[in-house]
Amino acid sequence: MNLKERFSENCFLFTEDKSLVEGLWSDIEKKYTEKGRHYHNLGHLEHMFAELDAVRNKIGNFTAISFSVFYHDVIYEATSKANEEKSAEFAASALRKLNMPHDAIETISNQITATKYHQKSDDPDTNYLLDADLSILGKNHQTYIEYTRKIRKEYSIYPDLLYKPGRKKVLNHFLALESIFKTEDFRVQYEGKARENITNELKGFH
């Protein structure tokens, strides 16, 4: 199932208005295909869904987590420190048009803002979302290198003098976490390789 079909299927649980759903999808597509989106694009969403589909039976509310995936990076500006909050607001505004219950919108907003700091949550579904978001860190060497190149391109506005200290801070933040991955499924699969990849990237900054 492609992203548009997946999104539409979720929306039709709440509305029968096809033109509304078409419009909401169009907004998402526009955002994720903006110029300068080298990593945080539709490919990133596809990757996350592939990861989450594999553990679907462990997820309590797959509809909510799906909306969180679609909207978690809908606002992405390299110069902003409030992308997650803005994305959560964008999502809430869109989902209200579907007449989604208030508590469901709140759940999704909270999941999106949780992607800011990637701290372990009391909500198991949120932990699966966070892990899918970071799963790229535990991929093979070539995939990881490709990911770091794309991230660098997204921050091309910054010279190395500014980019490198910022990137180091992010990577050290991940290494300082008791566990990068919050769920056992992802920890078993990716933790070791992610720490190896991050450590190797940090060595390259010296």
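Trainee: Which element gives the most to the lining of the largest pocket?

Mentor: This is a predicted model, in which local features need pLDDT of at least 70 and side-chain atom pairs pLDDT 80 or more, while totals for chains, interfaces and linings use all residues. The largest pocket has 32 lining residues (a pocket is an open set of points on a 1 Å grid over the protein atoms alone where a 1.4 Å probe fits, with protein on both sides within 12 Å along at least five of seven lines; lining residues have an atom within 4 Å of a point). Two or more of them come from each of α5 (83–97), α7 (124–134), α8 (141–154) and α9 (160–176), helices being DSSP runs of H or I with at least four residues. With eight residues, the element that gives the most is α9.

Trainee: Which residues lie nearest the centre of the largest pocket?

Mentor: Residues are numbered from 1 along each chain as its sequence is written, and side-chain values use heavy atoms, with hydrogens and water left out. By class, the lining of the largest pocket has 15 nonpolar, 10 polar and seven charged residues (Ala, Val, Leu, Ile, Met, Phe, Trp, Tyr, Cys and Pro are nonpolar; Asp, Glu, Lys and Arg are charged; the others, Gly among them, are polar). Nearest the centre of this pocket lie Tyr76, Glu84, Lys116, Tyr155 and Val170.

Trainee: How many residues does α8 give to the lining of the second largest pocket?

Mentor: The second largest pocket is lined by 14 residues, with Thr148, Tyr163, Glu201, Gly204 and Phe205 nearest its centre. That lining divides into four nonpolar, five polar and five charged residues. At least two residues each come from α8, α9 and α10 (184–203). The most come from α8, which gives five.

Trainee: Is α3 roughly parallel or antiparallel to α4?

Mentor: Helices α3 (residues 42–53) and α4 (residues 62–71) pack at about 160°, with their axes 10 Å apart; axes are lines fitted to C-alpha atoms over the stretch in contact, and angles run from 0 to 180 degrees between N-to-C directions. Angles over 145 degrees count as roughly antiparallel and those under 35 as roughly parallel. Therefore α3 is to α4 roughly antiparallel.

Terms used:
Parallel < 35°, antiparallel > 145°, perpendicular 65-115°, else oblique.
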